Number of protein chains: 2
Amino acid sequence: MTASRDVHLIRRPKGVPTPEDFAFVEVDTPDAADGQIQVEGLIISVDPYMRPRLNADQPLDAPMPGGGIGRVVQSRNPKFREGDLVRHGEGMRERFTTDGRGVAVLTPDPDLPLTVYMHALGGTGITAYGGLLETGALKDGEQVAVSTAGGAVGSVVAQIARIKGCYVVGSTGSDEKAAWLRDVVGLDAVINYKTETLSKALAAAMPRGVDVYFENVGGAQLDAALPLMNLHGRIPVCGMISTYNGGGEGVRNLSAIIYKRVRMQGFVANDFGHLNAAFLSDMTGWLKSGRMKYQETVLDGFDRIPEGLIGLFEGRNAGKMLIKVKD
Amino acid sequence: MTASRDVHLIRRPKGVPTPEDFAFVEVDTPDAADGQIQVEGLIISVDPYMRPRLNADQPLDAPMPGGGIGRVVQSRNPKFREGDLVRHGEGMRERFTTDGRGVAVLTPDPDLPLTVYMHALGGTGITAYGGLLETGALKDGEQVAVSTAGGAVGSVVAQIARIKGCYVVGSTGSDEKAAWLRDVVGLDAVINYKTETLSKALAAAMPRGVDVYFENVGGAQLDAALPLMNLHGRIPVCGMISTYNGGGEGVRNLSAIIYKRVRMQGFVANDFGHLNAAFLSDMTGWLKSGRMKYQETVLDGFDRIPEGLIGLFEGRNAGKMLIKVKD
């Protein structure tokens, strides 16, 4: 038995969560029984998708789940050895004991920081890779538009398209992200949809039309892209954050898909298990060669989980927000 | 040289076209020169796809193209003989002279009326056949929803799906069409979207969800179908007539395609040339055996072309709208 801490939600936040909505709870983590492992947390991910969960799906007075990387400290399960690094979904726990379901051994590349396995080499990366290359059926040298290009998925999509020799235009909502996309990532054009008229700016930036529009937003951003779609264009749909909960404007330009024979298709990361080996090989190479850029905001210490989660909704992160619990 | 008339678009319609948007223009049709034929129109098709063309692609003060059946009255081209029946795309012309490109000799089945070659055995039929079976990738026994099921394309789609053993629900906008679909065509359920709440009625009629939604309408009808789509459902998009006259609500439920991995894809009849032999064989058989029912609205006289086209957007047709110019 080992003393450790979990983060619980103790009340439903109104608007942006506050530190008082959470509690650190001392727990005794049982030793691994036969078939079990005990894992200590190293890196914990905080993500925007967690916010709506706080309103209902997340039970009060229970540990908050989420993605993480940990180290096996006890193993009585033949699939794991003590010292193994693992990926898991147990979330905001310093330490936990499990039968190993949903836990996967991670063999990180020694030349890359472990944190990249929580974004470019994790679910974010395979979502971008499979969505663009398989669902979007990207061909080298095509004309590509990416919404939320400064975000976790969008920034990987935009860079894969650049690596494939495409002309890439990204939209984002802040001048800082726009500058990073233009100056560090090197996109062909960047549009700040908060300060420019998206439909006009996108049309001006893409005089040869759009072969692939990678959709994270929906609503007005989709309406801006639709009239620009080229014959046999594709719209892989990763998200439609503007239209969740029935909000935002309806989409009015869908009839553009008819004569241009555009294919719109939804997907989720789980669809791309068959691409995993190619993805890991490609992405590891791109990261090691410096062709794939990323931004991270890493807070040090388990104590800073609420601060990290709250910071997401106050825009205090640049790129992926992570909590480093232990080296 | 022969005096005849063409129908021209003379101004861009606002909303539903009016008779004043069109003009009958007297022309002198030249005699067939070497390599040419002269054709007199017998049957002229008016179709929903023509509406968006009126906004931009259709030049003003020029004949409006479209499908038709005519008879060769002069031939100086070895591919055609005087008296041949032909299909053509010259549209709204009483008579025209051409080198024969885009004109195909038609050898109608003597047991079928000539008009069926303008719908079930024409562009309408191949649109329905290819859109449902290829773009929609229909599998036997699936759950199928069809919008404008009383229309030219929709009624063929619904019947092909029935022939393929599917459970088929159609929506239409009049009780007469609903009765025809229920009593003559034999659909599993029929919804009159003008007298019922479409989203509720569709959900009630399709308790096993929707594998293929054949889209002719867009707007509210698409919003009703989206939440019912099954995993890996398909939405072949043939038309979005609700948006053609600039009206209609935006589409709000598109995010349903993400987790269900729905594929929406536009297409046009020309995409299915490779299916033509199979289509003609299947459809001729279905028509002659009486398994494929159809309705036609045939207006008599070249003068009635604008009335026919406008009537399409006011729902005044039962089945395929045709103009009979001459026997």
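Visitor: How many salt bridges does the structure hold over all chains?
Guide: The structure holds 38 salt bridges over all chains. A salt bridge here is a side-chain nitrogen of Lys or Arg within 4 Å of a carboxyl oxygen of Asp or Glu. This is a predicted model, where local features need pLDDT of at least 70 and side-chain atom pairs count only at pLDDT 80 or more, while totals for chains, interfaces and linings use all residues. Side-chain values use heavy atoms, with hydrogens and water left out; residues are numbered from 1 along each chain as its sequence is written, and chains are lettered from A and ligands numbered from 1 in the order in which they are written.

Visitor: Which residue forms a salt bridge with A:Lys326?
Guide: A:Glu40, with the closest N and O atoms 3.0 Å apart. A:Lys326 lies in the segment after strand E15 (320-324) of chain A and A:Glu40 in strand E3 (residues 37-45) of chain A, so the pair ties together parts that are 286 residues apart in sequence. Helices (H or I, at least four residues) and strands (E, at least two) are DSSP runs, numbered from the N terminus.

Visitor: How many salt bridges are there across the interface of chain A and chain B?
Guide: The rule finds two. A:Asp271 forms a salt bridge with B:Arg261, the closest N and O atoms being 2.7 Å apart.

Visitor: What area is buried between chain A and chain B?
Guide: About 2300 Å², of which carbon and sulfur atoms give 58%. That is the accessible area (1.4 Å probe) that two parts lose on being put together, summed over both. A:Ile258, A:Tyr259 and A:Arg261 supply 25% of what chain A buries against chain B, more than any other three residues.

Visitor: And how many residues are in contact?
Guide: 29 residues of chain A with 29 residues of chain B. Contact means heavy atoms within 4.5 Å.
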